[in-house]
Structure formats: structure tokens, C-alpha cells
Amino acid sequence: MRNYIALLALSCATPAAAKPIAFQNGVTMMAEYGAGTMLETQAFYAPQYWYSVGAGYLRLEDEDRTFTRDIPYARANLLVKRWNTPGAQANVFAYGGLGAARGSDFEGTELATNAGLQFDAESLRWYGSAKVDWQRSDEFDHRIDTAQLGIAPYKHDYNKLATWVVLQGRHYTGGLYDGIEAAVLLRFFRGPLWVEAGVTNDGYPQAMVMFNY
Amino acid sequence: MKHYIVSAIVAIALLGASSTALAASTIEMQVDGLVCAFCAQGIEKKLRAEGATADVFVSLERGLVAVALKPGQDITDAALGKLLTEAGYTLRTTKRTDAKLEELRAAPAEKK
């Protein structure tokens, strides 16, 4: 059943997030600002720990400010596989959905599909993730690849503030950005709140906030 | 005679074990995959929904989930394993103790 849903999710097609599923019966709300190129908000509800459903809004703008995409969408997220060890966890997520896209360089509203894959692994001191997001319609085809490596200067417990230094590399296709956009981020989380902020190699700010309940 | 002695030892051992189980007020569990606050949040939410649960403590640094039980109540190991699996984590060991959650909260994490 889970494999079938994974295939279904991939056959649809979407954008980025931290972990799209927090816990069973949990709601995840997220907003990310990506250096002027990407702005995204999402809200998901997880009936089980291994899948969630919800909606989001994505705005993309190319680095030369010549075109924009505005895509509200519905999306399903699936935890395909999880590995639990005494001091670490690793996950594979797949997600996909449908949206309605408008753009500054085409007329009207287009049906847009989105799909993505994410692998992440973390302990209380290190973190790594790789993610691929696709956004497609008859008018555009964008892929956003993101890799992150993080180090925590100290181990954090549930009731303590967790601090991470994260290095990020991001690659956009479809004319959004040439080359690799690098960023250095500071990530903090405590209890249900996660806040992240940093700067890219072009000097643009990047920020994310996430809340789970 | 030998049989009587063996039976008596077994009976005393069983009595001791059952009285320990009855007296246990806390279940301490070692859980794999505890690496983030959201993990702890999900597990806490799940265990607090159990009728036998009085309080829950999760320590990421110690990989520990502890449940304080309501007087005279218990949650079986099988049920705990199922709850943690449904939360997305792996139960490694369980231990029934008389430790108070306040004591567990105050205990320092072991250096690794």
C-alpha cells in the first residue's frame, strides 16, 4: 500500500521543505524565503507518521527578475523508509501533487504538477540532506536540487535550545539561476518551533520558520 | 526434600518478581531514532493519550522515554512496542522501576 502511494506521489509531481511529516496527528506549518528566487508556505496534517497531506503556495522568480511563477498547490507526502539507530535516524521521503500556476511570461492559469524526493540523516551533532523538487506545466519546467550539511556545536535535549550551523548548496533549472547558489545558515529549534536564517554567496538573505503541533 | 527446596526457591523468586512488577511506577525505555524535538513531541503526545499514563519524560541525549504510571496500572511491553512503532521509532529495551520522573529529569546525561 505504501509503495503504491509512493508511486502515486511520484507520478504526480513538487517543491521544498525540512521534514514534511513531523508525527502522527501532527500539523506542520512552514514558510521559507530563498534569496529572492523562492518563497514558499506549506501546511500539512499527518494522519499517520508515514504520510501527510496539505497545501502550499510557491512563488519563483528568476535571478534577473524577468519572470515569475505563482503556484498554489495540494500535496501528499510519504515517508518511504526510515532507519532508526541508537543515536541517529535516516529517512527517505517522496511527495507529489497538483497546482494551478500563473506566470508573468504566459497568459492564464496552467495545471502544474509537482514531485520531490528527499533523503536525510541526522544525529544530535550532525545532519545531512539531499532533496530534489520538480515543478512542471506546459509553460515551464523547473527543478530545484538542495543539499545541506549541518553541525551542532553541542548536543541538545528536548527542553533545550538546539543550535545548528548549516551549509547549503542549491541548483535551479529552467532559467531561475545559473550555477550553484551557496548559503550559510544558522538554525535554532526548541520544542515545536524551528527558525533558520542565513545569507547566500550573492549576499541575499535566506530564512525559514517551521512550527509543529 | 531437594524438590521442596527447589520449589521454595522458585516460589520466592516468582513472588519477588511479581511484587517488583506490581510496585513499579515507572517504565523506562531505550528508544532508537530519537534525534530531534519533533520526535520527542510526537512520542509524548502518543503516550500521554494512554489511559495508564500519568506523566511522560523524553530525553534525546539519553535515548530515553519514561512513562510514569497511574497507581495500579500498567502498559504491556507489546503495547509500548506498538505505540512507538506507530510513532515511527524503535523500542529497544524496557525496564520497570520505582524511579520518579523528577529524578530522571534531574539526572545528567552520560558523556558519550
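In this predicted model, helix 2 of chain B and helix 3 of chain B are oblique to each other. Helix 2 spans residues 37-48 and helix 3 spans residues 77-87, and the two pack at an angle of about 140 degrees with their axes 10 Å apart. Because angles over 145 degrees would count as roughly antiparallel, the pair is classed as oblique. The crossing of helix 2 of chain B and helix 3 of chain B is right-handed.

From helix 2 of chain B, the residues G42(B), I43(B), K46(B) and L47(B) take part, and they meet L83(B), L84(B) and A87(B) of helix 3 of chain B. Sorted by class, this helix-helix contact holds five nonpolar residues, one polar residue and one charged residue.

Stepping back to the chain as a whole, chain B contains four helices and four strands. Read from the N terminus, these elements follow the order α-β-α-β-β-α-β-α. Chain B has 112 residues, of which 27% count as buried. Of the contacts in chain B between residues at least 6 apart in sequence, 70% link residues at least 24 apart.

The partner chain comes next. The contact between the chains draws 25 residues from chain A and 20 residues from chain B. On the side of chain A that touches chain B, strand 4 (68-85), strand 5 (88-103) and strand 10 (180-190) each contribute at least two residues. Strand 4 of chain A gives the largest share of that side, namely three residues. By class, the side of chain A that touches chain B comprises ten nonpolar, ten polar and five charged residues.

How values were computed
Residues numbered from 1 in each chain as written. Chains lettered and ligands numbered in written order. Predicted model: local features only at pLDDT ≥ 70, side-chain atom pairs only at ≥ 80, totals over all residues. Buried ≥ 20, exposed ≤ 12 C-beta atoms within 10 Å, placed from the backbone. Contact = placed C-beta atoms within 7 Å. Nonpolar A, V, L, I, M, F, W, Y, C, P; charged D, E, K, R; others polar. Axes fitted to C-alpha atoms, helices over the stretch in contact; angles between N-to-C directions. Parallel < 35°, antiparallel > 145°, perpendicular 65-115°, else oblique. Left-handed = near helix turned anticlockwise from the far one by under 90°.
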